[in-house]
Amino acid sequence: MLPASLLRLRRSLLKRFADRVFEAEKHKTIARYGMFGPNLLYESLKSAGIRQGCVLLVHSSWDRFYNFKGTSIDVIDVLERLVGPDGTLLMPAHTHFGDNAPFIFDARKSPAHTGIICELFRRRSGVVRSLHPTHSVCSKGPLAVSLTRDHHKESLSCGPLSPYAKLIAYGGEILGLGLPPGYTTFLHVVEDEDLAAYPRQTYLDKEYDFTVIDNLGRKMELKVRRRDPVLGSSLDLNRIAPHLTPESHKTFSIAGVPAFWAKASLLHGEMQRLKERGIILYA
């Protein structure tokens, strides 16, 4: 193992390199597309098919909003305006845990590790959060409680009672902002609905004991399967992206910010058919 001083130097050099890459991409994007604000974001997403009253799961990466003349809060405001008072907005609020117990998840305080947009949405008035300790989902709107209330009854993260799986029955849609095509936790639903038949083991073998604190401060003890961390190194969205039809999944750009839209029910059907052909997310 490297001495602590060399590890600190390595981290510092990697951060400097990442910062230089970020600045270069930022300047290149601004030079090509100029700056844009919340109004163009709204009109672009409306043109892409996001409509009032829909059930919309949003994944996002604020880091790719290089040329946006606004804040991450402005992005949330646009999304709420898009779905309107009759629509329901969802965002992932996953929580990362180390290898050592105790594993404690507090729905009121545990931050979302899925980006600043998700974290600020989690803190909004009227937002409810599912109680699954590793893969919670935040939601706001008329269907928010129905979508999130049973998630903690699942040992798996994306099983039939999860908000991800419920998107299918609720006619849900998926939006990715600043992310590569198909970058959505929803893709794991096809794994968790029939774990024994999936051609790759996606979870560690044992269940882990979690203490969960709900929004009223009440404690419960849950046993939860944790996804195999090794899977991340073999996950490759390019394995499935070329096989998706425009009806289920389409990509577009908002002044240089990459985006995608997907229809949950159609995407799920295509993922099932790909699995039957041996085409899965993992190498």
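**Overall form and the setting of Thr211**

The accessible surface of the protein amounts to about 14000 Å², and carbon and sulfur atoms account for 54% of this area. The structure is a predicted model, and the values reported here are computed from it. Of the 283 residues in the protein, 49% are buried.

The radius of gyration agrees with that of a compact globule, because a chain of 283 residues folded in that way would have a value near 19 Å and the protein has 19 Å. Along the principal axes, the C-alpha atoms occupy a box of roughly 55 × 50 × 45 Å. The secondary structure consists of 8 helices and 10 strands. When contacts between residues at least 6 apart in sequence are considered, 68% of them join residues at least 24 apart.

Charged side chains were also counted. There are 38 positive and 29 negative side chains in the protein. The centres of these two sets lie 5 Å apart.

Thr211 belongs to strand E7, which covers residues 203-213. The relative accessible area of Thr211 is 17%, and Thr211 is therefore classed as buried, since the cut-off for a buried residue is under 20%. With neighbours within four places in sequence left aside, Thr211 is in contact with Phe103, Ile104 and Phe105, and also with Lys219, Met220 and Glu221. With Glu221, the side chain of Thr211 forms a polar contact of 3.0 Å, the partner group being the side chain of Glu221.

Notes
Residues numbered from 1 in each chain as written. Predicted model: local features only at pLDDT ≥ 70, side-chain atom pairs only at ≥ 80, totals over all residues. Heavy atoms only, no water. Helix = DSSP H or I, 4+ residues; strand = E, 2+ residues; numbered from the N terminus. Rg over C-alpha atoms; globule rule 2.2 N^0.38 Å. Buried < 20%, exposed > 50% of the residue type's maximum accessible area, 1.4 Å probe, protein only. Contact = heavy atoms within 4.5 Å. Areas by Shrake-Rupley, 256 points an atom, 1.4 Å probe, with all protein chains shown as cover. Lys, Arg positive; Asp, Glu negative; His and termini not counted. Charge placed at Lys NZ, Arg CZ, Asp CG, Glu CD. Polar contact = N/O pair within 3.5 Å; in protein donor to acceptor, adjacent residues only side chain to side chain.
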